[in-house]
Amino acid sequence: MLSFAIVIASGSLLYTNYLVRHIAQSERTRAQVWAMSMKQVLASDDNDFLNYVFAVRDSSIVPAIVTNDNGDIQLSRGLDATKTFIKLQAEGNKKLKYDPAYFQSELAYMKEQHAPIKLAVLNEHWLVYYKDSDLLRQLKFFPFIQLSVIAIFLLMAYTAFSSSRKSEQNQVWVGLAKETAHQLGTPISSLMAWIELMKEKFNAEEDPLIAEMENDVKRLEIVADRFSKIGSKPKLEELGVYEVVKDFVDYFRVRVSKNISFELTGNPHLKAGLNVPLFDWVLENLLKNAVNAIEGKGSIHVDISGNKIKKQVFIDVTDTGKGIPRSKFDTVFQPGYTTRKRGWGLGLSLTKRMVENYHDGQIFVRDSELGKGTTFRIVLKNIRHDKQTAA
Ligand SMILES: Nc1ncnc2c1ncn2[C@@H]1O[C@H](COP(=O)(O)OP(=O)(O)O)[C@@H](O)[C@H]1O
Ligand SMILES: [Mg+2]
């Protein structure tokens, strides 16, 4: 794509360059023709011939000044008409009247641009100085204007395209989430009703099996609630981070293998804007990944700390699992990336979305070593800091 653009750009530059050289050559010839015609004018009395010469002369648009050997200006053409005029008097005085400063500066400019054309006139040598016509000057700038216009156009097209793709992806996300929540709603509420009926029918208010079932249905309800929240901007509550994390870790730790130990440490006073159902989901994804990364025995450590100056709260989730290679620190957040046989690779991309879009925070792999373990860090905004003591 880039090399294609370079080919087009240099092609356009080369072609314009060719045109410029070609026209420059022809302008020199025209300046020469004009000067030679002037020579004939001075040497002739034939009116018809003079008219013919004037016609040739006026067909040339190349601005030029003619001087003699001493550098005195003899003739000019194509210059600014307001600063030069021909005094045509009854006597037939064809001499030019001019603003000397203007002519001198034009002459200096022409001397810089091109070598003069030499002509032998009467007893003198004339030097024809000329400069590029406006047309040629503009043509020299043209490729740059053209390329900038193309670049601006491409940039606009690209931005439009990528933002429309982004919003399309967002719509798919949101639509899928809402639809899921909607579809789960009906069976969940009827399951709730069934459970109530069972309690009555079998007189089993205290039965532990039914209590477990009730718990699971409540979990399902929470899941549906999470999905329904994805579509809309959820309300953030100012909550103690430690407490929210502790509640979830307590819920989670009893549901995984006894070979994995949990530890929660850190500052219990830090507050941040949280949406509990969504933030629990974030924690669940991180803790599940940590469990998956640990083969056999291991531990998971969650630490909460803060930065008073930057007004941030950090949640570090550290496991003693298999680790992530450094080259994959960013990749793990991409949808579809997984190393698990039954994995979908959606967990971390959802997690990132929930942290960044819904909590205005950041998440990244803070550190990882193959075979030793991994630390994920979540950074949240510490909304109100005055009452708190940051660690
Ligand atoms: N704590 C971790 N330790 C090691 N690897 C991890 C950890 N968390 C995530 N990963 C890697 O990132 C991949 C993507 O994770 P995720 O998005 O949750 O998808 P999934 O769990 O379905 O594979 C995992 O398959 C794993 O390779
Ligand atoms: Mg996962």
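The following is a set of questions and answers about a predicted model of one protein chain.

User: What makes up the secondary structure of the protein chain?
Analyst: The protein chain has eight helices and 13 strands. Of its 391 residues, 36% count as buried. Among contacts with a separation of 6 or more, 66% are between residues 24 or more positions apart.

User: Why is Gly-323 called buried?
Analyst: The relative accessible area of Gly-323 is 9%. Buried means under 20%, so Gly-323 is buried.

User: Where does Gly-323 lie, and what does it touch?
Analyst: Gly-323 is in the loop between strand 11 and helix 8 (347-359). Leaving out residues up to four places away in sequence, Gly-323 touches Ser-368, Glu-369, Leu-370, Gly-371, Gly-373 and Thr-374. Gly-323 and Thr-374 are 51 residues apart in sequence, with 5.2 Å from C-alpha to C-alpha.

User: What makes helix 6 oblique to helix 7?
Analyst: Two packed helices are described by the angle between their axes and the distance between the axes. For helix 6 (residues 241-253) and helix 7 (residues 276-293), the angle is about 50 degrees and the axes are 10 Å apart. Angles under 35 degrees count as roughly parallel, over 145 as roughly antiparallel, and 65 to 115 as roughly perpendicular; the rest are oblique. An angle of about 50 degrees falls in the rest, so helix 6 is oblique to helix 7. Their crossing is right-handed.

User: Which residues make the contact of helix 6 with helix 7, and of what class are they?
Analyst: Helix 6 contributes Val-244, Val-245, Phe-248, Val-249 and Phe-252. From helix 7 come Val-276, Phe-279, Asp-280, Leu-283, Glu-284, Leu-287, Lys-288 and Val-291. By class, the contact has 10 nonpolar, no polar and three charged residues. Asp, Glu and Lys count as charged, and the contact includes Asp-280, Glu-284 and Lys-288 of helix 7.

User: Why are strand 8 and strand 12 said to stand at the edges of their sheet?
Analyst: Five strands form this open sheet, in the order 8-10-11-13-12 with mixed pairing. Strand 8 (260-266) and strand 12 (362-369) each have a single partner strand, so one side of each is left without a neighbour in the sheet. Neighbouring strands of this sheet are turned by 15 degrees against each other on average, direction ignored. Helix 6 packs on the sheet, where it touches strand 8, strand 10 (298-307) and strand 11 (312-319). The direction of helix 6 makes about 170 degrees with that of strand 8.

User: How do you know that strand 12 and strand 13 pair?
Analyst: Two strands pair if there are at least two bridges between them. Seven bridges join strand 12 to strand 13 (residues 373-381), so the two strands pair. They run antiparallel. Val-365 has Phe-376 of strand 13 as its bridge partner.

How values were computed
Residues numbered from 1 in each chain as written. Chains lettered and ligands numbered in written order. Predicted model: local features only at pLDDT ≥ 70, side-chain atom pairs only at ≥ 80, totals over all residues. Heavy atoms only, no water. Helix = DSSP H or I, 4+ residues; strand = E, 2+ residues; numbered from the N terminus. Axes fitted to C-alpha atoms, helices over the stretch in contact; angles between N-to-C directions. Contact = heavy atoms within 4.5 Å. Left-handed = near helix turned anticlockwise from the far one by under 90°. Buried < 20%, exposed > 50% of the residue type's maximum accessible area, 1.4 Å probe, protein only.
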